[in-house]
Every structure is written in structure tokens, then in C-alpha cells.
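This briefing concerns the arrangement of secondary structure in one protein chain. Please consult the sequence and the structure shown here alongside the notes.

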Amino acid sequence: MTNVTMTVNGKSVSGNVEGRTLLVSFLREGQGLTGTHVGCDTSQCGACVVHVNGKAVKSCTMFAAEADGATVDTIEGQANADGSLNVIQQAFQDFHGLQCGFCTPGMVMSAAALLKDNPKPSEQEVREYLEGNICRCTGYHNIVKAIMAASGQDVSAIAAE
């Protein structure tokens, strides 16, 4: 067992983990942060995306021990300080960028990483960035629209598909 300490959503947390413990398991089972989902166990779906030291990471591909000393942000830390939805979360709601919601935490975390690096992405850039995230319900169109709206772009000309 190895003791790991990291800052998760602004709070210092620690715990003993086996060497094979994945970051997603540490967050879900060790910290009770169940918003980070496990969808495929093969890093294909993107439901487990979190930010580690500011970078989007599929937490099912990283050992918890690798995050020792890191800053980790999860979907639970994305809301505004007053508890209201942040601009990306609100856009997903406003533009119906979710249906069952299983992929939504990973999509929101990926969107946040994209908009940090590219504040005004084109529709094509959004679609390319989301290639590592799978949604089985929405067909992606409204997710793309929500991300573009969250970036402050006018999406009224984007037709529904």
C-alpha cells in the first residue's frame, strides 16, 4: 500500500492505495466523487475525464499513485462558488447537450479543457476534440452546439440535425 496525497477540487485529500489502483477508483471509491464515471475500462469512452494539473486525462488510464502531489479537478468542482452551474454546464442544459447524462461529466470536463486552450473553437474543432468521448444518446450535435455557445459564439445559425 502507498499513501497518496493530492488536491481534489481545491481540497487536500489522501489515502492508502494499492499500486494498481486507478485514479478513477480512488476518486469514486476513496473520495465518494461518483460524478467521474467508468464506462468502458479501456479508455475509449471518455466518461472518466478529469483534469490533472490542468490537463484533461482519462482517469481510468492513470494510477492514483501517479497523481500523488497533483491537483485534480472533477465534475463536482466545476459549479460556480454559489453552487450554480458554470457556463459550460448551463449551456449543456440550455442546448439539450445531454440525455441519459452518463457521458456528460466527461464531456463537460473535455469541453472545459478545449475552451481553456481554444476559447473560440469552430464546429469542426469541437467535433475533432471530442473524438475521445462517446455519447450513445445525443448524436453529438447538441453537445457541439452547447460547447460553442459556452464559448460565447452565436449558435442560432447551426441547424438541428
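The model is predicted. An open sheet of five strands, with mixed pairing, is ordered β2-β1-β5-β3-β4. Helices α1 and α3 each lie across strands: α1 across β1, β2, β3 and β5, and α3 across β3, β4 and β5.

**The sheet**

- The edges of the five-stranded sheet are formed by β2 (11–17) and β4 (55–58), each of which pairs on one side only.
- Neighbouring strands of this sheet are turned against each other by 40° on average, direction ignored.
- Strand β3 (residues 49–52) runs antiparallel to β4, and four bridges join the two.
- Within this pair, Val-49 stands opposite Lys-58 of β4.

**Helices across the strands**

- Helix α1 (residues 23–31) runs at about 105° to β2.
- Helix α3 runs at about 40° to β3.

**Packing of α2 and α3**

- Helix α2 (residues 87–94) packs against helix α3 (residues 104–117) at an angle of about 125°, and their axes are 10 Å apart.
- The two helices are therefore oblique to each other.
- The crossing of α2 and α3 is right-handed.
- On the α2 side, the contact involves Ile-88, Gln-89 and Phe-92; these meet Thr-104, Met-107, Val-108, Ala-111, Ala-112 and Leu-115 in α3.
- Seven of the residues in the contact of α2 with α3 are nonpolar, two are polar and none is charged.

Note on methods:
Residues are numbered from 1 along each chain as its sequence is written. This is a predicted model: local features need pLDDT of at least 70, side-chain atom pairs count only at pLDDT 80 or more; totals for chains, interfaces and linings use all residues. Side-chain values use heavy atoms; hydrogens and water are left out. Axes are lines fitted to C-alpha atoms, for helices over the stretch in contact, and angles run from 0 to 180 degrees between N-to-C directions. Angles under 35 degrees count as roughly parallel, over 145 as roughly antiparallel, 65 to 115 as roughly perpendicular and the rest as oblique. A crossing is left-handed if the near helix is turned anticlockwise from the far one by less than a right angle, and right-handed if clockwise. Contact means heavy atoms within 4.5 Å. Ala, Val, Leu, Ile, Met, Phe, Trp, Tyr, Cys and Pro count as nonpolar, Asp, Glu, Lys and Arg as charged, and the others, Gly among them, as polar. Two strands pair if DSSP finds at least two bridges between them.
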